[in-house]
Amino acid sequence: MYRFIALHWNPDDGRAVTALAAIKARRRTSGRGWSTAYETADLVVWHDGARRGRMECHLLDGDRGVVLGQVFRRSRDAPRSETLQGFSEAEAAACVATDGGSLVENFWGRHAALLRRPASPSLTVMRDPSGAFPCFVTRFEGVEIFFSDLQDVCDLGLLRFSVNPQYLLANVMLPKFQKVMTGLNEVEEVVPGQAVAFTPRGIDKHFLWDPRTFAVDQVTDRHEAAALLRDTVRDTVAALAGGYDSILHNVGGLDSSIILSCLARTAVRPSIHCVTFSTASPGGDERYYARQASDRAGVPLIEAMMDPAKVDLEDMFHWRAQVSPMGVFDCTAVAGDLYGLAREKGAEALFYGVGGDNVFFQMPYILSALDHVREGGKGASLRQAAVEASRYGNKALLFTIRAMLKERFRPDPCFDYVYRLLAPTTRWPFVNPELLARGPQVATLHPMLIPDPGMAKGKYYHLLTSALMSLEYYDHWRRDGAIERIHPLLAQPVVEACLRIPTWLLVYDGVDRGLARWAFEDDLPAAVARRTSKSNPDRLYAEVFARNRPFIREVLLEGNLVNDGILMRNPLERLLSGEAMEQRMAPAIALEFLSWEIWTQKWAGRPAV
């Protein structure tokens with residue numbers, strides 16, 4: 001997979017020049033096929049794994065720097081994207097003049113950029129709003145080191161890292177959401193949509209993309225909203241698929257079936273194989289729906305069972321180094337031998353429907369009705385919003401009406417209300433109460449995830465769970481990481497389009513993701529379009545947990561998280577025995593804690609909480 005390291009230094013700083021020589025010497029013996037993408041008197045960029053039309057280096061004319069990754073040029077008139085072949089002189093100048101702002105406005109993709117103003121010692125580093133391609137920075141003896149994969153920096157053998165305990169606390173309270181800090185004290189992240197300017201006067205950080213602005217400019221006509229959603233998803237999927245000759249697509253649910261329908265209609269269609277993975281329990285079996293979706297698209301389907309015996313938890317100790325603990329423990333790909341299937345079919349990319357629940361809006365509560373009140377809905381449309389929210393949220397109509405009245409006259413603060421719905425309370429019985437008492441650590445969130453005063457609660461939930469939801473680019477279960485993993489529904493154009501649609505339209509007809517179902521109903525089998533059930537890997541996690549319980553006990557109960565007072569030993573012992581809560585919940589929680597613990601054990605010199 002594509003990766004980069006970039007070094008920035010002051011040529012007049014003797015210490016930095018000496019450090020630079022040491023880094024270059026170590027790079028030459030690292031064993032990786034690095035090539036120089038860009039070099040000046042104070043900046044050098046190395047990369048590996050570039051593929052034309054996919055992840056690559058785009059040089060900016062006039063010695064203005066580079067854009068690293070996959071870039072698409074977007075049309076102003078309609079959802080229409082084209083793969084970037086190169087920046088024009090005017091486009092390169094605009095990139096630098098706006099500190100990357102024009103990259104956000106006129107382009108999209110998976111990329112990071114290092115931008116130079118002519119005859120200036122300053123450097124601006126920016127990252128696209130999707131965050132689909134990582135960008136971090138650390139420092140060594142006066143040299144700033146930018147990189148996508150921490151393991152590449154560790155392989156230099158020059159730096160030491162230590163755990164940031166404040167990140168662990170923030171992760172307990174606000175898992176999955178983009179934060180402004182990382183899990184290591186010595187590493188900072190250029191967070192999605194941010195530009196960071198490194199100047200002789202210091203460091204200046206500002207944001208180029210604010211998802212809240214799209215939540216203000218709402219498309220309230222149902223037909224127009226459906227067309228916007230459908231056209232944007234189709235264009236985004238086609239653009240992302242255009243660089244590949246062969247794709248393996250994980251299909252089964254509504255969202256992945258929508259992506260499959262878009263893949264099947266691309267103008268230059270790649271070779272597509274679908275795969276659906278099953279567990280031994282009915283709740284983990286989507287073959288009925290996957291067969292219909294693949295038949296409708298005219299694409300062959302591979303049906304495979306997930307095997308818990310293929311999940312070697314001890315292998316987690318040998319993962320490539322990670323800046324932060326993984327956001328979600330997921331072993332489904334390795335249990336289903338996804339990469340083996342990809343190699344067998346010659347697939348160059350793995351496509352997923354991850355993010356559909358987020359952008360198309362699946363929140364089993366009545367937030368859409370509260371939004372209608374907040375944004376001034378009246379008359380029959382208000383009654384319809386109440387009825388559909390009650391149906392979708394599985395609440396009595398009277399309950400919904402009372403909640404709407406409270407929202408009109410005595411609303412709760414937006415963040416507090418939404419956080420109560422999202423708070424990971426199933427983890428809290430095992431966490432030190434003194435740490436929990438500090439609250440959700442809102443200041444650690446990406447600033448663009450903090451709501452404006454008076455923001456509609458459903459739209460804030462939508463924004464919080466959709467925008468800046470960057471997923472792991474490198475798969476740490478698979479150390480060679482040879483195959484791209486692509487999540488079209490979390491791409492910038494899709495997120496922007498869906499944020500423009502009111503929540504009460506997104507749950508059209510009183511069903512989750514109702515507008516998406518209606519927009520794509522002609523492209524989907526009827527059973528798939530109507531399906532509201534969800535598959536889950538609970539059976540797989542339960543079997544992995546049962547097979548590895550002694551190992552999990554040993555690692556967790558004698559581990560850093562317990563010894564440092566983050567997790568509580570006695571509740572954890574009950575969790576590992578299955579006594580703490582209904583058994584269905586224990587495996588996923590224990591495996592998540594295990595992944596955090598093993599991550600901490602990879603680093604030394606940890607400061608106390």
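In the predicted model, Tyr2 has a relative accessibility of 0% and therefore counts as buried. Phe133 likewise has 0% relative accessibility and counts as buried. The rings of these residues form one of the 21 aromatic pairs found in a search of the whole structure. The centres of the Tyr2 and Phe133 rings are 5.8 Å apart and the planes are at 35 degrees, so the pair is tilted. Tyr2 is located in the segment before β1 (3–8), and Phe133 in the loop between β8 (123–127) and β9 (136–140); the pair therefore ties together parts that are 131 residues apart in sequence. Tyr2 and Phe133 also belong to a cluster linked by ring pairs, together with Phe4, Tyr473 and Tyr474.

An edge-to-face arrangement is found for Tyr288 and Tyr289, with 5.1 Å from centre to centre and 80 degrees between the planes. Tyr288 has 53% relative accessibility and so counts as exposed, whereas Tyr2 is buried.

Aromatic rings also meet charged side chains. The charged end of Arg27 lies over the ring of Trp46, at 4.5 Å from the ring centre. For Lys457, the charged end is placed over the ring of Tyr417, with 5.4 Å to the centre.

Side chains of opposite charge can pair when their charged atoms come close. The search of the whole structure gives 40 salt bridges. In one of them, Asp523 pairs with Arg234, and the closest N and O atoms are 2.6 Å apart. Asp523 has a relative accessible area of 19% and is buried, because the cut-off for buried residues is under 20%.

A further salt bridge joins Arg513 to Asp255, with 3.1 Å between the closest N and O atoms. This pair links distant parts of the chain, 258 residues apart: Arg513 lies in the loop between α20 (503–506) and α21, and Asp255 in helix α8 (residues 254–264). Arg513 counts as buried at 2% relative accessibility, and Asp255 is buried with a relative accessible area of 7%.

Arg517 and Asp512 form a salt bridge through their side chains, at 3.1 Å from N to O. Both Arg517 and Asp512 are buried. Through shared partners, salt bridges join Arg517 and Asp512 with Asp255, Asp357, Arg513 and Lys534 into one network.

How values were computed. Residues are numbered from 1 along each chain as its sequence is written. This is a predicted model: local features need pLDDT of at least 70, side-chain atom pairs count only at pLDDT 80 or more; totals for chains, interfaces and linings use all residues. Side-chain values use heavy atoms; hydrogens and water are left out. Rings of Phe, Tyr and Trp (its six-membered ring) pair if their centres lie within 6.5 Å; planes under 30 degrees apart count as stacked, over 60 as edge-to-face and the rest as tilted. Helices (H or I, at least four residues) and strands (E, at least two) are DSSP runs, numbered from the N terminus. Buried means under 20% relative accessible area, exposed over 50%, partly exposed in between (1.4 Å probe, protein chains only). A charge sits over a ring if NZ of Lys or CZ of Arg is within 6 Å of the ring centre and within 35 degrees of the ring normal. A salt bridge is a side-chain nitrogen of Lys or Arg within 4 Å of a carboxyl oxygen of Asp or Glu.
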